[in-house]
Amino acid sequence: MILALGLSRRAQFSGPQPIGELMRLALARPDLISLAAGFVDQESLPVSETRRAIDTLLADPDRARLALQYGTNAGYLALRETVLARFLAADGQQASPPPSVEQVILTAGSNQLLHLLGEVLLDPGDLVLCAAPSYFVFLGMLQSLAARSVGVAIDEQGMIPAALEEELARRQKAGELGRVKAIYLTSYFDNPSTVTLSLERRAQIIEIANRWSRESKIYVIDDAAYRELRYAGDDLPSLRSFDRAGDTVVVAETFSKSFSPGIRVGWGILPPALVAPISSLKANIDFGSPHLNQRLMAAVLEQGLFEPHVAELRANYRAKLAAMLRAMDDFLAGIPGVCWHTPQGGLYVWLQLPEGMDAGPAGTLMHHALAEGVLYVPGEYCYPAEGEPLRVDRIRLSFGVESAQNIRRGIEALARAIRHAG
Ligand SMILES: Cc1ncc(COP(=O)(O)O)c(C=O)c1O
């Protein structure tokens with residue numbers, strides 16, 4: 001079929017994103033309360049901040065023309081310098097050796113960097129060890145490259161180092177160690193599990209990656225998309241600060257969650273060995289992500305518009321998370337087998353349902369939830385293809401989009417659905 005259409009073999013690898021079906025449902029049924037959407041809160045998007053930054057950017061015609069011209073492949077230097085300085089400040093200057101600005105790249109969202117990494121690291125059949133569960137768009141990207149995602153068990157402190165070692169040992173026994181190219185982690189408030197990798201485990205995971213880099217280098221991809229969205233506790237130093245040689249961790253960050261996904265500026269810090277391959281690939285794709293957006297984000301930071309906005313955002317999401325947790329205490333806590341981990345940040349709550357309850361897209365819970373007018377993300381979308389087995393009795397709930405009032409109504413409806421499905 002694909003061949004008859006003249007499409008490439010690569011096109012066959014890429015399945016549709018499962019979330020597409022949920023988005024269609026949400027659009028077709030505007031009455032549904034969506035606890036599924038991973039979008040940021042519409043009301044708190046930074047309209048006045050963006051207008052102010054654009055006004056300054058365009059006020060001077062010469063400066064405006066520069067911003068409206070093509071930029072450079074690696075991205076606007078001033079913004080690269082700023083994100084690097086902010087990153088080092090957040091880590092308490094712990095990175096040793098500190099990365100240089102040549103290792104910083106700006107991308108169209110962090111997803112673009114994740115994709116570029118996939119392209120330069122993975123041949124078909126290569127393996128990436130991922131937390132089980134993991135960000136489903138990343139898993140889909142691996143599938144589109146015919147690479148294999150392998151799930152590693154997590155607990156409340158994130159990926160379990162012993163489970164990671166066991167998986168590596170298994171791959172070695174199977175003669176596949178040389179095909180393990182990376183470990184992928186969302187180290188702050190993971191999407192969807194919401195757990196943050198503990199300080200101790202950060203050091204352990206880097207040590208394990210280095211020790212097992214015997215047949216091929218094993219990179220650690222630290223997807224820190226939610227680092228700025230912390231509502232309780234103190235920030236933790238990034239995985240990069242435990243990377244003593246500075247040759248193992250790739251940092252992938254973004255302004256999508258902390259400022260605006262419409263501007264879609266992401267950034268990364270690469271180990272020296274990946275700078276040239278990633279740069280060449282990017283140059284062959286777009287020779288630089290949208291320049292105006294990079295200048296815009298630089299102006300936002302320069303004018304001191306970013307920090308106050310993030311502070312407001314945190315207050316807003318903190319209140320919405322509290323509303324969701326209160327509703328869960330009121331409506332879900334009494335249902336046997338239902339439990340959750342209290343997140344310290346991010347946009348989600350990961351819910352464990354009664355053992356074996358089918359929460360999949362065609363399962364009993366989805367049927368009852370839709371009848372009750374509420375939508376969630378089936379947890380099964382978030383499991384890597386191999387390794388730690390998929391769970392049908394987990395769901396991801398988002399408090400990002402709906403109002404506190406709707407969140408409460410949505411959780412009440414979900415509780416009814418779970419009781420009917422049980
Ligand atoms: C874990 C994670 N990483 C990366 C992204 C991508 O963000 P963007 O490409 O907009 O920077 C998201 C977005 O939802 C995410 O949840």
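Guide: Happy to! In this predicted model, α6 gives the most to the lining of the second largest cavity, with 4 residues. The cavity is space where a 1.4 Å probe fits on a 1 Å grid over the protein atoms alone but cannot get out, and lining residues have an atom within 4 Å of a point. About 30 Å³ lies inside the second largest cavity, with volume taken as the space filled by probe spheres set on the points, joined across faces, edges and corners. Its lining consists of Leu114, Leu117, Gly118, Leu121, Leu122, Val128, Phe138, Met141, Leu142, Ala182 and Ile221. Two or more of these come from each of α6 (109-121) and α7 (136-144). By class, the lining has 10 nonpolar residues, 1 polar and no charged; Gly counts as polar here.

Now follow α6 to the ligand: α6 also gives the most to the shell around the ligand, with 3 residues. That shell holds 3 nonpolar, 7 polar and 3 charged residues, each with a heavy atom within 4 Å of the ligand. Ser110 is among those that come nearest, as is Asp223. A polar side-chain atom of Asp223 lies 2.6 Å from a ligand nitrogen, while a backbone N or O atom of Asn111 lies 3.0 Å from a ligand oxygen.

Residues are numbered from 1 along each chain as its sequence is written. Local features need pLDDT of at least 70 and side-chain atom pairs 80 or more, while totals for chains, interfaces and linings use all residues, and side-chain values use heavy atoms, without hydrogens or water.

Note on methods
1 Å grid on protein atoms, 1.4 Å probe; cavity = no way out; pocket = protein on both sides within 12 Å on 5 of 7 lines; lining within 4 Å. Polar contact = N/O pair within 3.5 Å; in protein donor to acceptor, adjacent residues only side chain to side chain.
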